[in-house]
Amino acid sequence: MNIVIQARGATLQALFLVILCVAMMVVDHRFHHLEIVRANVSLALSPLRYLVSLPAIAGSWAGEWFTSHTELLEENSALRAESRILNARLQKLEILAEENARLRRLLGSSRKIADDVIVAELLSVDQNPYRQLIEINRGSGDGIEIGYAVIDDFGVMGQIIHVNAQSATTMLISDPDHATPVQFVRSGTRSVAFGRGSTTQLELRYLPATADIMIGDELVTSGLGGRFPADYPVAKVIAITEDRVHGFVTVIAEPKARLDSSREVLVIKPRD
Amino acid sequence: MSRLRYLVIFLSLLVAVVLAIIPLPEWAQLYRPDWAALVLIYWSMALPKHVGLWFAFFTGIILDVSQGTLLGQHTLALVVIIFINMNFYQRIRVLALAQQSIYVFALLLIDQVLVAWVEGIMGRPTPLLAFFGAPFIGMLIWPWVFVVLRDIRRKAMLSDRA
């Protein structure tokens with residue numbers, strides 16, 4: 001008798017928890033009420049994350065420590081050369097920026113101000129293998145909020161989707177759930193680049209067959225939607241497939257950012 | 001006594017969560033066994049009066065947060081397999097380790113399918129073959145998990161009676 005009652009209690013409890021789980025999933029998927037739970041649990045877990053990424057940190061530290069003198073000298077001279085080249089380019093850029101501002105004034109449109117950025121590093125922590133998420137070591141304490149864009153030195157990487165006090169989760173542009181508003185640099189055509197769950201491919205669907213697209217075309221953020229500031233490099237077209245029946249083309253593009261290997265990233269605060 | 005028991009269980013679950021987020025090469029990620037499920041199955045077999053659905057629930061929440069999945073996704077799967085285990089553990093824990101492994105494979109497969117199912121509902125279908133890798137590795141690892149945790153339990157002298 002006792003056992004029967006016990007078993008029934010466990011079944012009811014299991015049923016309750018299953019319903020609770022389903023309710024939580026629905027709320028988490030549709031609304032943002034559980035974001036606070038996630039942030040707090042995540043904060044409590046942050047020591048674990050640092051513990052897990054410790055070997056990677058130690059590895060890079062040891063690598064720096066044991067670099068030989070000649071290697072350092074070589075690297076130094078290479079960096080000097082690069083800095084000279086960049087400086088020369090910068091001078092040109094400044095002139096261009098000034099000219100651009102002058103032209104914009106002539107046109108009467110608002111001037112583009114440099115974006116505010118926060119430098120962050122990746123925590124080497126694995127997430128769900130079916131998703132394209134990364135953890136960075138800056139959080140709300142550093143001024144990061146949900147929706148901020150994340151870039152590396154080559155292009156757009158993704159956007160912040162969860163924040164706690166000391167770290168934040170970034171959804172990469174290659175996540176199947178992510179869509180990036182983009183624009184072709186050469187033709188000015190606007191479109192949306194969807195992730196496909198692979199770090200090397202983005203997909204642009206349902207472009208008109210008459211659109212002016214060529215392999216090698218560069219894609220930049222269009223700034224539509226307000227999440228990503230305009231004109232950051234996103235991807236390069238690597239394949240175009242035509243759907244003759246429906247008159248659409250689908251474009252495959254390779255992300256510019258090194259989604260799977262960049263360790264240092266920049267988080268961009270949107271200007272409002 | 002009881003404080004020590006919970007400390008040991010918490011520490012083992014903590015290790016399981018660390019193993020769940022420790023970086024692996026990309027090809028190996030699909031074969032990562034669900035460590036938290038293995039540890040929970042062990043404890044719910046060894047100390048069924050103390051480790052049950054609520055343990056599964058809170059471990060699941062921690063997994064969901066650390067993996068960036070929906071809150072409730074791993075939780076649901078863990079609650080379901082621990083509930084199944086609660087109904088079978090008496091028959092299973094007297095079996096040989098190899099026979100237990102097959103049972104554990106079944107539980108891990110249910111766990112995996114439930115997690116992937118929710119992914120599918122959200123429009124991210126997962127490849128079918130990917131389902132079997134992680135439970136299979138989990139099955140091979142089960143005897144070691146069992147022996148290690150049993151030794152720890154005996155050292156700490158934990159049993160359901162105390």
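Helices (H or I, at least four residues) and strands (E, at least two) are DSSP runs, numbered from the N terminus. This is a predicted model, in which local features need pLDDT of at least 70 and side-chain atom pairs count only at pLDDT 80 or more, while totals for chains, interfaces and linings use all residues. Residues are numbered from 1 along each chain as its sequence is written, and chains are lettered from A and ligands numbered from 1 in the order in which they are written.

**Two positive phi values in chain A**

Select A:D231, in the loop between β9 (218–221) and β10 (233–243) of chain A; its phi is near 70 degrees, a positive value in a residue that is not glycine. A residue is called buried if 20 or more other C-beta atoms, placed from the backbone, lie within 10 Å of its own, exposed if 12 or fewer, and partly exposed in between. With 12 other C-beta atoms within 10 Å, A:D231 is therefore exposed.

**Where the chains touch**

Two residues are in contact if their C-beta atoms, placed from the backbone, lie within 7 Å. Now show both chains: the contact takes 31 residues from chain A and 32 residues from chain B. On the side of chain B that touches chain A, α1 (2–21), α4 (53–67), α5 (73–92) and α6 (97–121) each supply at least two residues. That side has 21 nonpolar, 9 polar and 2 charged residues, where Ala, Val, Leu, Ile, Met, Phe, Trp, Tyr, Cys and Pro count as nonpolar, Asp, Glu, Lys and Arg as charged, and the others, Gly among them, as polar.

Within this region, select helix α2 (residues 35–65) of chain A together with α1(B), whose axes come within 10 Å and cross at roughly 55 degrees. Axes here are lines fitted to C-alpha atoms, for helices over the stretch in contact, and angles run from 0 to 180 degrees between N-to-C directions. Angles under 35 degrees count as roughly parallel, over 145 as roughly antiparallel, 65 to 115 as roughly perpendicular and the rest as oblique, and α2(A) and α1(B) are therefore oblique to each other. A:L48, A:L51 and A:V52 in α2(A) meet B:V17, B:V18 and B:I21 in α1(B), and by class this contact has 6 nonpolar, no polar and no charged residues.

**Inside chain B**

Select helix α3 (residues 35–46) and helix α7 (residues 130–155) of chain B, which pack at an angle of about 50 degrees with their axes 10 Å apart. α3(B) and α7(B) are therefore oblique to each other. From α3(B), B:L38, B:V39, B:Y42 and B:A46 meet residues of α7(B) including B:W142, B:F146 and B:R153; the residues of this contact divide into 9 nonpolar, 1 polar and 1 charged.

End at B:L97 in helix α6 of chain B, which counts as exposed because it has 12 C-beta neighbours inside 10 Å. Beyond four places in sequence, B:L97 is in contact with B:P143 and B:F146; the C-alpha atoms of B:L97 and B:P143, 46 residues apart along the chain, are separated by 5.9 Å.
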